[in-house]
Amino acid sequence: MNCIVSQGQRAGEPEQGEERFGSVTLEQRLELLRQFPDFSGDGPKIDFTYDLFARESCRQTIERYDLDQKMESLEDMELILALLDWTSSHFYQNGYLSPPWPFTVDSAVEYCEAHDQSVNCQGLATILSGLLRAYGVKAKSVYGLPSEQPFSDCHVVVHAYSARLNQWILLDPSYRAVFFDENGDYLDLPGLRRAYIEGRSHKLTTWDKFFHPNSPSDLSHWLDYMAKNTFRFCCMVSNSGDFEADWQARIELVPDGYAGSEASVVTQDAEAFWALP
């Protein structure tokens with residue numbers, strides 16, 4: 001499974017001016033999604049777990065940045081958006097900077113501090129999802145993967161569960177971004193994939209804090225890039241502060257008819273993969 005960034009491989013948005021699709025055009029990416037739109041429902045039972053209010057792997061970050069005071073009295077969406085804004089305002093995405101594996105929130109933050117406050121999208125998603133869980137929000141990193149196997153680039157985002165709205169919220173700490181559909185409702189990853197397939201992606205919007213330090217800070221650029229990274233998905237089954245242990249229990253969601261995955265555990269059961277906690 002090639003989600004973990006290794007030699008010659010990157011997790012994160014290409015730098016400005018770099019080709020985003022390789023030899024495959026945007027229209028070809030969209031056509032791939034239209035050719036593989038469905039999930040059959042076949043797959044193993046998935047028991048996702050979330051280690052909430054545990055601070056062993058992020059205590060240093062919380063104390064050093066006085067996060068308890070900053071997040072005091074915030075709940076649900078206010079807390080989710082505040083932690084997204086804080087993470088993306090302090091640390092920035094650089095697809096070439098991968099923290100040593102295995103890593104935690106604290107070690108990823110230390111890596112950022114030693115590298116001009118920068119890390120790849122995998123590191124940013126680890127920081128944000130870990131902090132969200134530390135404050136009681138069920139959250140996980142989700143790896144958006146292209147159709148190619150092997151691949152040289154993917155993108156890692158965060159799904160955070162809003163108990164108030166009873167839905168997953170798609171967060172991208174690389175872009176300090178949250179997204180909305182054409183009705184103004186918060187977007188999740190399966191909703192993003194459907195929007196591409198149904199030709200509605202141009203109707204999606206974001207908030208006014210959307211920003212990327214090294215790429216064009218506009219939604220159309222992000223949407224073009226993510227057309228590549230919504231073909232299939234991978235995430236941990238166990239979500240705690242122990243990345244090494246979590247990574248051993250991971251599962252990949254692939255569409256019907258796709259046979260390119262090298263993951264040890266694969267499912268086509270999108271309902272179970274995206275189930276609300």
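Guide: We start with one word: a residue is buried under 20% relative accessible area, exposed over 50% and partly exposed in between, with a 1.4 Å probe and protein chains only. The model is predicted, so local features need pLDDT of at least 70 and side-chain atom pairs pLDDT 80 or more, while totals for chains, interfaces and linings use all residues. Residues are numbered from 1 along each chain as its sequence is written, and side-chain values use heavy atoms, without hydrogens and water.

Now to the rings. The whole structure holds 13 aromatic pairs (Phe, Tyr or six-membered Trp rings with centres within 6.5 Å; planes under 30 degrees apart are stacked, over 60 edge-to-face, the rest tilted). Take Phe36 and Phe231: their ring centres are 5.3 Å apart and their planes stand at 70°, so this pair is edge-to-face. Phe36 belongs to the loop between α1 (26–35) and β2 (49–50), and Phe231 to the loop between α8 (219–226) and β10 (232–236), so the pair ties together parts that are 195 residues apart in sequence.

Trp86 and Phe91 are both buried. Elsewhere, ring pairs gather Phe48, Phe233, Phe273 and Trp274 into a cluster.

Two rings also have a charge over them (NZ of Lys or CZ of Arg within 6 Å of the ring centre and within 35 degrees of the ring normal). Phe48, one of the cluster, has the charged end of Lys140 over its ring, 3.7 Å from the centre. For Tyr135, the charge comes from Arg55, whose charged end is 4.9 Å from the ring centre.

The largest cavity has about 40 Å³ of space, and Phe91 is in its lining, along with residues including Tyr92, Leu124, Tyr175 and Phe211. That lining has seven nonpolar, three polar and one charged residue (Ala, Val, Leu, Ile, Met, Phe, Trp, Tyr, Cys and Pro are nonpolar; Asp, Glu, Lys and Arg charged; the others, Gly among them, polar).

Phe231 turns up at the second largest cavity, where it lines the space with Arg29, Leu32, Leu33, Ser147, Ala227 and Lys228. This cavity holds about 30 Å³, and its lining has four nonpolar, one polar and two charged residues.

Helix α6 covers residues 121–134 and spans 20 Å from its first C-alpha to its last, close to the 20 Å expected at 1.5 Å a residue (1.5 Å times one less than the number of residues). Of its 14 residues, 14 are buried, so α6 is largely enclosed by the rest of the structure. After α6 comes Gly136, with a positive phi near 90°.

Notes:
Helices (H or I, at least four residues) and strands (E, at least two) are DSSP runs, numbered from the N terminus. On a 1 Å grid over the protein atoms alone, a cavity is a set of points where a 1.4 Å probe fits but cannot get out, and a pocket is an open set with protein on both sides within 12 Å along at least five of seven lines; lining residues have an atom within 4 Å of a point. Grid points are joined across faces, edges and corners, and a volume is the space filled by probe spheres set on the points.
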